[in-house]
Amino acid sequence: MATATSATEPTTGLADRFGRVATDLRVSLTDRCNLRCTYCMPPEGLPWLPGPSVLSDGEVGRLLRVAVELLGVTEIRFTGGEPLLRPGLVPIVAAAAALSPRPKLSLTTNGIGLERLAGPLVAAGLDRVNVSLDTLDPDRFAQLAHRRRLPDVLAGLRGAVAAGLAPVKLNAVLLRGINDGEAGDLLRYALAHGYQLRFIEQMPLDPQHGWDRAQMVTAAEILAMLEAEFALRPDPEHRGSAPAETWLVDGYADPAGRPAKVGVIGSVTRPFCGDCDRTRLTADGQVRNCLFARDESDLREAMRGGATDAELAERWRAAMRSKLPGHGIDDPTFLQPARPMSAIGG
Ligand code: SAM
Ligand code: SF4
């Protein structure tokens, strides 16, 4: 049986060979999803992870404790697949909120079901939410996500606000010829509702291998489209390890009365790997040191084989030490990771 590690054991963080220290953990709670966004999943879905290979709620809770109490993780973001589909999400958030020092807790979701779950999640300790919204047009939503669920997403957004999750952030991916004409409309919608919008460049993480560098809507194009309709100024606030470059939108304020912002995450054309502070845990208990890593480190089998907390922590540290300096998407030798975004956790 696994033994608990005492709080007196030395704690050393998740440092790599390039001076970066990971303090931000992305946890995928399931690889399943109720949408089929074309840049993420084929319309027929994917072969889901077999049930026994997925970590139980207790196993997730144990690894979160190791991450926070032994490895210095200060922020945890729950993602997937669609994390709202995980039956144990609320108790998992509550267990994370009980850790010491208490980590910041956030969720990335497609918003379906958030209308009902936002209240219980806030009560459990959730601090922030990011909701993915690529279009405001119901038909285009169905074309992009292969499901007619736009009203559920919008209801989820309202539920998040009603539950006190502020600021609600929106994530949008623009696809050429599909929703790339909507940049301005999405920003207008976000500003009108007090949501903070960030555009994400499409990355090569779809299992269909449909990503095409030449077709990708770049950060520069997104900015040009926004600047055609809004007056933007660079955000004077220090970016730190945040992936989004942000701009202030002249003439608009957020619900707290501060200048409204819009963000662009140029993962491909403006990589931020040098400032990366992330570590990742998949739903089946594999540590990944990067979204684009080719290797994973198996904590599930170590844990099920009786590893102590200290041994799990050391495995996690070793996995992070081998983190590469960058994702290398622009390198001719670049290879897409074997697992798609939905299985890694976006
Ligand atoms: N299902 C949840 C959602 O959609 O928000 C959480 C998981 S999803 C994989 C997390 C984020 O990754 C979403 O904002 C989604 O738009 C983004 N994403 C998925 N595939 C992507 C890709 N190929 N390139 C860029 N972003 C992607
Ligand atoms: Fe599902 Fe999120 Fe992938 Fe869309 S981006 S298919 S909502 S996991």
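Good morning. The shell of residues around ligand 2 divides into four nonpolar, two polar and no charged. This shell belongs to a predicted model, and I shall begin with its members. The residues around ligand 2 are Cys33, Leu35, Cys37, Cys40, Gly81 and Asn110.

Thr30 is found in the loop between strand E3, residues 24–28, and helix H1. Is Thr30 buried or exposed? Thr30 is buried, because its relative accessible area is 10% and buried means under 20%. Leaving out residues up to four places away in sequence, Thr30 touches Thr79, Gly80, Gly81, Glu82, Pro83, Ala283 and Ser342.

In general, nonpolar side chains in soluble globular proteins tend to be buried together. The largest nonpolar core here has 103 residues, and Leu64, Ile76, Phe78, Phe199 and Trp316 touch the most other members. Which element gives the largest share of this core? That element is helix H1, residues 57–70, which supplies seven residues.

Setting aside neighbours within four places in sequence, Phe199 is in contact with Ala172, Leu174, Ala183, Leu186, Ile222, Leu226, Val262, Gly263, Val264 and Ile265.

Next, the aromatic rings. A pair of aromatic rings is described by the distance of the centres and the angle of the planes. The count comes to two aromatic pairs. For Tyr189 and Tyr195, the ring centres are 6.0 Å apart and the planes stand at 50°, so this pair is tilted. Both Tyr189 and Tyr195 are buried.

I come now to the cysteines. A disulfide is a covalent bond between the sulfur atoms of two cysteines. How many disulfides are counted in this model? The count is zero. Cys273 is in no disulfide, and its nearest cysteine sulfur, that of Cys290, is 6.3 Å away. Cys290 is likewise in no disulfide, with the sulfur of Cys273 as its nearest, at 6.3 Å. Cys273 is buried, with a relative accessible area of 16%.

Finally, consider a charged residue, Arg300. Arg300 lies in helix H8, residues 299–304. Its relative accessible area is 13%, so Arg300 is buried. Beyond residues up to four places away in sequence, Arg300 touches Ser53, Leu55, Asp284, Gly285 and Gln286. Thank you for your attention.

Conventions: Residues are numbered from 1 along each chain as its sequence is written. Chains are lettered from A and ligands numbered from 1 in the order in which they are written. This is a predicted model: local features need pLDDT of at least 70, side-chain atom pairs count only at pLDDT 80 or more; totals for chains, interfaces and linings use all residues. Side-chain values use heavy atoms; hydrogens and water are left out. A disulfide is a pair of cysteine sulfur atoms within 2.5 Å. Buried means under 20% relative accessible area, exposed over 50%, partly exposed in between (1.4 Å probe, protein chains only). A residue is near a molecule or strand if one of its heavy atoms lies within 4 Å of it. Helices (H or I, at least four residues) and strands (E, at least two) are DSSP runs, numbered from the N terminus. Contact means heavy atoms within 4.5 Å. Rings of Phe, Tyr and Trp (its six-membered ring) pair if their centres lie within 6.5 Å; planes under 30 degrees apart count as stacked, over 60 as edge-to-face and the rest as tilted. A nonpolar core is a set of buried Ala, Val, Leu, Ile, Met, Phe, Trp, Tyr and Cys residues joined through side-chain atoms within 4.5 Å.
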